[in-house]
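Here are my notes for your first read-through. Keep the model open beside them and find each residue as you go.

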Amino acid sequence: MKKILVSGTGIFLFILMIFNFQIYSAQDLNPPALKLIYITPNLLNTGETITITVNATDDLSGIKEILCELRSPSKKQIIENVALKLSSGDKLSGWYDTIMIIPKYCEQGLWEVNRVIIKDNAMNIKTLHNSADFYLTFL
């Protein structure tokens, strides 16, 4: 019968081998880019629909998700996580849009797209803020 001697160092190295890993592949380190954003119509009443359209690109892994946030003139009302879906093109260069109903009884006045969040499949995120990165409002 053979005896196996296991030292404390051997166990430590074995544990390191189990919990560490290395990735070998092309890397995508660049976040997606917003090329264009617009809303139609830009004058409407509550309870009516608007279309938010975005043109965005990504250099390697492709766009995974685009979210918008809408904010009222007083900044007290926010419509969050408005998801846009690919309508034409592809995940590397495409047009994304959504049609949504503006809730009844929400604040009247000049609303804005407060921010746009674009994520790619490599988990790079680009967050763009109104006035700093783009300017878009609607009534």
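**Notes on the model**

1. Start in a loop. Ser131 sits in the loop between β7 and β8 (137-138). Keep in mind that this is a predicted model. Ser131 has a positive phi of about 80°, although it is not a glycine. Is Ser131 buried or exposed? Its relative accessibility is 58%, so Ser131 counts as exposed. The cut-off for that word is over 50%.

2. Now look at Met123. This residue is in the loop between β6 and β7 (125-129). Met123 is not a glycine either, yet its phi is positive, at about 70°. Met123 counts as exposed because its relative accessibility is 53%. Why flag such angles at all? Most residues other than glycine have a negative phi.

3. Next comes a peptide bond. Thr40 and Pro41 are joined by a cis peptide bond, with omega at about -15°. Pro41 belongs to the loop between β1 and β2. This bond deserves a look because most peptide bonds are trans.

4. How many residues does the largest nonpolar core have? The count is 27. Those with the most contacts inside this core are Ile37, Ile50, Ile52, Ile66, Leu70, Val113 and Val116. At least two core residues come from each of β1 (33-40), β2 (49-57), β3 (63-71), β4 (78-89), β5 (93-101) and β6 (111-120). The general background is simple: in soluble globular proteins, nonpolar side chains tend to be buried together.

5. Take Val113 as a worked example. Set aside its neighbours within four places in sequence. Val113 is then in contact with Ile37, Ile39, Cys68, Glu69, Leu70, Asn130, Phe134 and Leu136.

6. Follow strand β5 next. Which of its side chains are buried? Gly94, Tyr96, Thr98 and Met100 point to one face and are buried.

7. Check the partners of β5. With β2, the pairing is antiparallel and runs over 9 bridges. Within that region of the model, find Thr51: its bridge partner in β5 is Ile99. With β4, the pairing is also antiparallel, over 4 bridges. Leu86 stands opposite Tyr96 of β5. β4 and β5 form a hairpin, and 3 residues lie between them.

8. Trp95 is in strand β5. At 31% relative accessibility, Trp95 counts as partly exposed, because that class lies between the 20% and 50% cut-offs. Leu36, Tyr38 and Trp95 make a nonpolar surface patch of about 260 Å².

9. Finish with Lys104. This residue is in the loop between β5 and β6. Its relative accessibility is 59%, so Lys104 counts as exposed. Which residues does Lys104 contact, leaving aside neighbours within four places in sequence? They are Thr46 and Gly47. Lys104 and Thr46 are 58 residues apart along the chain, but their C-alpha atoms are separated by 4.8 Å.

Terms used:
Residues numbered from 1 in each chain as written. Heavy atoms only, no water. Core = buried A, V, L, I, M, F, W, Y, C linked by side-chain atoms within 4.5 Å. Buried < 20%, exposed > 50% of the residue type's maximum accessible area, 1.4 Å probe, protein only. Contact = heavy atoms within 4.5 Å. Pairing = 2+ DSSP bridges. Patch = residues over 30% accessible without salt bridge, like charges linked within 9 Å, V, L, I, M, F, W, Y side chains within 5 Å. Areas by Shrake-Rupley, 256 points an atom, 1.4 Å probe, with all protein chains shown as cover. Salt bridge = Lys/Arg side-chain N within 4 Å of Asp/Glu carboxyl O.
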